Amino acid sequence: MDACKIKKLYNLDETIAKELFEGLTYPWEALPKIKDFIVRLGNTLDENVFEKRGEDIWVAKSAEVAPSAYLNGPLIIDESAQIRHCAFIRGAAIVGKNAVVGNSTELKNSVLFNSVQVPHYNYVGDSVLGYRAHMGAGSITSNVKSDKTPVVVKCEGEEIETGLKKFGAMLGDNVEIGCNSVLNPGSVIGRNTNVYPLSMVRGVVEEDSIYKNKNEVVKKAYDN
């Protein structure tokens, strides 16, 4: 089940939340811990680099936050991030260095690694987005099953009981999600994978893949 493990999906040096994942096997194990972790980490941040804005909200002084953006804690926005016009951050969110949270994008209980881009009309809930992951305009994470039962991840022929009723998507480093795609609860997308626009993704997609539809997933060919 290595494809779903933290070490296979993420470079932990590319997030201020590295300690959140230490000692865990799967990234979704961090989801219930995000809120408390932010408060602990926030209270240790360098006051020369970060300023506190309201209760449990820490924003790097080099970050750009539009006046129309809504920020709710607990929240950490790291250095040189951009929070654009009418972004809606509901809380329990970590936004990495140089990340972009754009127009009408909503974040909730999620970790965005450095250089993540969710720039246009995205919903990201109960999710972890790896270094340089990008979600095209209108693509969303669906974080609750229609029957409200806990999410089960089917990885490499094994079923992993997560015990979580709210679980969006785990995107590995350098993942590209095409416009207007839906990532169903419990989706795990391996590193360097591209998902075509208008896709409906369910389950685990291997690293270095191109997801065209559920019946057509091909491996990328790299020149030696």
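Here are some notes on the salt bridges in this structure.

1. Some ground rules. This is a predicted model, where local features need pLDDT of at least 70, side-chain atom pairs count only at pLDDT 80 or more, and totals for chains, interfaces and linings use all residues. Residues are numbered from 1 along each chain as its sequence is written, and side-chain values use heavy atoms, with hydrogens and water left out.

2. How many salt bridges are there? The count is 10, where a salt bridge is a side-chain nitrogen of Lys or Arg within 4 Å of a carboxyl oxygen of Asp or Glu.

3. One of them joins K5 to D2, with N to O at 3.2 Å. D2 is partly exposed at 38% relative accessibility (buried means under 20% relative accessible area, exposed over 50%, partly exposed in between, with a 1.4 Å probe and protein chains only).

4. Next, have a look at K8 and E207, whose closest N and O atoms are 3.7 Å apart in a salt bridge. K8 sits in helix α1 (residues 6-9) and E207 in the loop between β25 (204-205) and β26 (209-213), so this pair ties together parts that are 199 residues apart in sequence. Helices (H or I, at least four residues) and strands (E, at least two) are DSSP runs, numbered from the N terminus. Both ends are partly exposed: E207 has a relative accessible area of 26%, and K8 has 35%.

5. Then there's K97 with D78, a salt bridge at 3.2 Å, N to O. K97 lies in the loop between β8 (93-95) and β9 (100-103), and D78 in the loop between β5 (75-77) and β6 (82-83), so the linked parts are 19 residues apart in sequence. Is D78 buried or exposed? D78 counts as buried, at 1% relative accessibility, while K97 is partly exposed at 31%.
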